Structure formats: structure tokens, C-alpha cells
Amino acid sequence: MNSTDVTRQQLCSMFDHTCLKPYADHTMLEQLCSEAEENHFAMVAINSAPVAFCRERLRGTGVHVGAAISFPLGQTTIGAKVYEAENAIQNGADEIDYVINIGEVKNGNYAYIEDEMERMVQTCRKAGVVCKVIFENCYLTKEEIRNVAQIAAKVRPDYIKTSTGFGTGGAETEDVRLMKEASGGAVKVKAAGGIRSWEVCKKMIDAGAERIGTSSSLKILQEYDEEKREKRDETWNQ
């Protein structure tokens with residue numbers, strides 16, 4: 001998809017509207033859900049504890065509830081990740097975003113990463129929910145990103161994702177392109193982390209991202225609307 005041609009409706013359907021703050025209370029989550037419902041965003045991205053609250057609030061709206069698993073470090077066992085995902089799904093999660101064991105990537109233990117991914121994908125497939133794999137690229141070399149993306153091409157989660165937004169760096173267009181290329185188009189790519197403007201969002205879309213994780217969805221939409229309005233005015237005045 002080219003950002004020049006993306007419609008407002010298409011853009012909204014790409015947003016995983018995010019609130020992963022440790023102090024998120026019901027008031028903040030209610031606002032998050034209301035904004036997602038009003039704008040027809042794809043999903044609200046939250047920690048696993050408030051899944052039931054958001055599921056009840058969004059029931060019948062078409063907006064998915066996404067749970068972040070082993071967030072943000074990825075340093076829990078495969079069994080713990082599977083249990084947390086199953087618990088979130090039981091509570092109403094439609095989508096699961098889990099963080100890989102970054103340490104095992106650094107160890108070169110790709111068999112572990114593949115086993116972890118297969119277990120998580122199987123858990124999600126069994127329940128009929130979307131599975132997204134968070135790489136946390138700021139800690140990985142380009143070769144490590146490529147290797148994990150190639151595992152994803154074999155295991156076939158729904159999405160591979162650049163970042164948690166809690167690491168030392170966020171989404172980079174170069175990494176989105178690399179993940180897209182290395183996975184051979186077998187999986188979709190979600191860009192997340194540091195995407196706070198329409199200018200940056202455009203670059204991610206043009207690089208191949210098909211979902212955008214951001215807590216700045218409304219700001220990006222406002223800037224999108226302003227750009228479209230300016231272009232219409234320019235055309236009118238010609």
C-alpha cells in the first residue's frame with residue numbers, strides 16, 4: 001500500500017490503538033476504547049490484565065482486543081508465555097502480541113526461537129485469534145532480524161513486529177523493509193515504537209508495514225486530515 005493513496009478508513013483500520021502504561025486505570029482504558037470505537041481502529045493494544053474490561057466495553061463494535069504477552073522483556077519461559085496467552089484469550093483477547101526471548105537470539109539458539117514461535121502460533125490458531133511476534137529490533141543485529149524473520153516465514157504467525165516501544169529504540173523503516181524481504185511476504189509486518197506523526201507513519205506504510213502500533217493514533221489522524229485538506233485547497237486554487 002502506498003501512503004499517498006491510503007484512505008482515512010484504511011488508515012484507521014491499520015491502527016493498533018495503544019495504552020500499555022503500568023498505571024492505566026479504568027478511566028484511561030474507557031477513553032482508549034471509546035476512541036477506538038469512534039474511529040473504527042483495528043484493535044486496542046493493552047496489557048493482559050485489563051483484557052476482560054476492554055472486551056466487555058468493545059463487545060459488538062468490531063474493534064479487537066489485543067494482549068501484550070511477556071511484555072516488554074520477553075524473559076519468561078515458553079510455558080509461561082503460552083499460559084499468559086491462553087488466559088488472555090479466555091478473557092476475550094482477539095489478538096496476541098508476544099515478545100520473543102531476545103537472550104536466546106543473542107545466544108544463537110534459533111531452535112528455541114522456532115519452538116517458542118510454533119507454540120505461540122499453535123495456541124493462537126487453536127483459539128482462532130491473531131498472533132504477532134515482537135522482535136524488539138533495537139537489541140538485534142540486521143542478521144539476527146533476518147534470521148528470526150526467516151523462522152517466521154516457516155512458522156507463519158500473522159504478523160512480525162518491530163518493537164515494544166519500551167526498548168532503547170523503536171520502529172525503523174530499514175527494519176520494516178528487511179523484515180518484509182526476509183520473510184518473503186509470508187507474514188505481514190507491524191511497525192511500532194516511536195510512531196507519533198503522520199510523517200513517520202507514512203514512511204512505515206511505504207516501507208511495507210500493514211499495521212501501526214501507536215498511542216498517537218488521534219494525532220496522526222489529525223495530521224492526515226490536515227494534509228488532505230491542504231491538498232484539496234491547492235487543487236481548488238489552481
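**Entry 1. Second pocket**

How many nonpolar, polar and charged residues are in the lining of the second largest pocket? I found four nonpolar, four polar and two charged residues there. I counted Ala, Val, Leu, Ile, Met, Phe, Trp, Tyr, Cys and Pro as nonpolar, Asp, Glu, Lys and Arg as charged, and the others, Gly among them, as polar.

I noted my ground rules. This is a predicted model, where local features need pLDDT of at least 70 and side-chain atom pairs count only at pLDDT 80 or more, while totals for chains, interfaces and linings use all residues. Residues are numbered from 1 along each chain as its sequence is written, and side-chain values use heavy atoms, with hydrogens and water left out.

Rolling a probe the size of a water molecule over the atoms shows where empty space is left. A pocket here is an open set of points on a 1 Å grid over the protein atoms alone, where a 1.4 Å probe fits, with protein on both sides within 12 Å along at least five of seven lines; lining residues have an atom within 4 Å of a point.

The second largest pocket holds about 170 Å³ of space. A volume is the space filled by probe spheres set on the points, which are joined across faces, edges and corners. I listed its lining: His17, Thr18, Cys19, Lys21, Met28, Gln31, Leu32, Glu35, Ser215 and Leu218. Strand S1 (15-18) and helix H2 (26-39) are the elements that give two or more residues to this lining. H2 gives the most, with four residues. Helices (H or I, at least four residues) and strands (E, at least two) are DSSP runs, numbered from the N terminus.

**Entry 2. Largest pocket**

I turned to the largest pocket, with about 370 Å³ of space. It is lined by 26 residues, and Thr18, Thr164, Gly165, Phe166 and Ser215 lie nearest its centre. The lining divides into 10 nonpolar, 11 polar and five charged residues.

**Entry 3. The barrel**

Eight of them close into a barrel in the order S1-S2-S3-S4-S5-S6-S7-S8, with parallel pairing. Two strands pair if DSSP finds at least two bridges between them.

I checked some pairs in turn:
- S3 joins strand S4 (residues 95-99) through four bridges; Ala68 has Asp97 in S4 as its bridge partner.
- S4 joins S5 through five bridges; Val99 stands opposite Ile134 in S5.
- S5 joins strand S6 (residues 159-161) through three bridges; Lys132 stands opposite Tyr159 in S6.
- S6 and S7 pair over three bridges; Ile160 has Val189 in S7 as its bridge partner.

**Entry 4. Burial**

Why is strand S5 (residues 130-134) largely enclosed by the rest of the structure? Five of its five residues are buried, so the rest of the structure largely encloses it. Buried means under 20% relative accessible area, exposed over 50%, partly exposed in between (1.4 Å probe, protein chains only). In a regular strand the side chains alternate between the two faces of the sheet. In S5, Val130, Lys132 and Ile134 are buried on one side, and Cys131 and Val133 on the other. S7 is mostly covered, with four of its five residues buried.

I then looked up Glu116, found in helix H6 (residues 110-127). Glu116 is buried, at a relative accessible area of 0%. Leaving aside its neighbours within four places in sequence, Glu116 is in contact (heavy atoms within 4.5 Å) with Ile78, Lys81, Tyr98, Ile100 and Asn101.
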